[in-house]
Amino acid sequence: MTSPMPNLRRIIWLASYPKSGNTWMRSLLAHYFMPPGQAPDINNLRRFTTADVRQDFFDAAAGRPFASKSVKEWLQVRDKAVRLIAASKPGTHFVKTHCQAVQYMGHDLIPPAVTAGAVYILRNPFDLAPSFARHQSADIDTAIERMTNPETMMGTDTGIRDAMGRWDDHVRTWTSAPGLPCHVVRYEDLLKKPAKVMRGLLDFLSVKPDAAKLARAIKATTFEAMKKQEEKHGFLERPAGMSAFFAKGQAGVWREDLSPAQVARLRDAFMPTLRQWYPELLDETADFAAASDKG
């Protein structure tokens with residue numbers, strides 16, 4: 001008689017488009033849930049959480065050191081790798097992803113069989129564009145092009161990929177995935193009211209908030225604290241060619257970083273999603289973009 005398959009619905013995805021606050025969220029959760037003094041620095045976050053691009057899980061899933069230029073092979077090995085990730089801890093645990101919550105070439109990027117829920121970290125595309133440009137070592141126009149391209153992918157040197165696609169599709173696939181318990185956190189709200197936002201997130205996780213632990217976690221993971229860590233120790237997740245991962249970390253930087261034409265491009269590309277998630281930016285970005293008609 002065969003033993004029953006274990007229930008692997010253990011992954012709580014920490015999902016975001018790159019440069020939306022995923023590292024900050026992972027650090028906050030690590031400082032909240034781990035014992036005082038044991039929370040990892042930015043280079044040891046894998047002690048608390050993991051990611052769906054981990055080379056060691058892909059090596060184990062492939063049965064050899066994984067390296068491939070084929071998207072099809074990445075998808076086949078990914079199916080097994082995420083099962084291994086789900087099985088790597090006995091209870092629910094957090095896993096970072098930049099993939100969309102879609103079926104891609106016949107494969108579920110976020111398989112229901114390993115998924116307990118998701119926290120989706122959302123950042124407005126006007127602030128995201130200059131940050132994503134630095135992340136990609138590209139100019140802002142190229143970054144906007146990638147944010148509006150349904151085929152956009154990033155990848156490791158060995159061919160483990162993040163299938164991100166367009167920013168608005170990314171938001172939509174996560175926030176409206178059928179049957180997926182998903183809690184949305186806006187980066188801008190986390191900056192403004194971290195305690196309130198984190199209490200809402202802990203409620204979603206069915207964890208009774210502890211005010212003292214929460215205050216400690218917030219203090220330990222201010223942008224300045226994480227920037228200092230990077231300056232002192234570097235940051236292993238920083239892409240090659242990027243001078244600093246933690247650059248500005250503010251909301252509203254688009255006013256200095258983007259041209260009116262670039263703001264107009266983002267508005268044109270993403271208007272329905274902006275209406276739903278960032279209605280407070282519509283008037284100001286419309287006025288800003290209008291300057292391109294006069295210039």
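Ile160 is found in the loop between strand 7 (153-155) and strand 8 (161-163); strands (E, at least two residues) and helices (H or I, at least four) are DSSP runs numbered from the N terminus. The model is predicted, so local features need pLDDT of at least 70 and side-chain atom pairs count only at pLDDT 80 or more, while totals for chains, interfaces and linings use all residues. Residues are numbered from 1 along each chain as its sequence is written, and side-chain values use heavy atoms, with hydrogens and water left out.

**Surroundings of Ile160**

- Ile160 counts as buried because its relative accessibility is 1%; buried means under 20% relative accessible area, exposed over 50%, and partly exposed in between (1.4 Å probe, protein chains only).
- Residues up to four places away in sequence aside, Ile160 touches Asp52, Val53, Arg54, Gln55, Phe58, Phe66, Trp74, Met154 and Gly155, where contact means heavy atoms within 4.5 Å.
- The C-alpha atoms of Ile160 and Leu75 are separated by 9.0 Å, although the two residues are 85 apart along the chain.

**Helix 2 and helix 3**

- The axes of helix 2 (residues 55-62) and helix 3 (residues 71-87) come within 8 Å and cross at roughly 110 degrees; axes are lines fitted to C-alpha atoms, for helices over the stretch in contact, and angles run from 0 to 180 degrees between N-to-C directions.
- Helix 2 is therefore roughly perpendicular to helix 3 (65 to 115 degrees; under 35 is roughly parallel, over 145 roughly antiparallel, the rest oblique).
- From helix 2, Phe57, Phe58, Ala60, Ala61 and Ala62 meet Trp74, Val77, Arg78, Lys80, Ala81, Leu84 and Ile85 of helix 3.

**Aromatic rings**

- Nine aromatic pairs are found in the whole structure; rings of Phe, Tyr and Trp (its six-membered ring) pair if their centres lie within 6.5 Å, with planes under 30 degrees apart stacked, over 60 edge-to-face and the rest tilted.
- One of them is the edge-to-face pair of Tyr17 and Phe132, at 5.5 Å centre to centre and 65 degrees between the planes.
- This pair links distant parts of the chain, 115 residues apart: Tyr17 lies in the loop between strand 1 (11-16) and helix 1 (22-33), and Phe132 in helix 4 (residues 125-135).
- Both Tyr17 and Phe132 are buried.
- Tyr32, Phe33 and Phe94 form one aromatic cluster.
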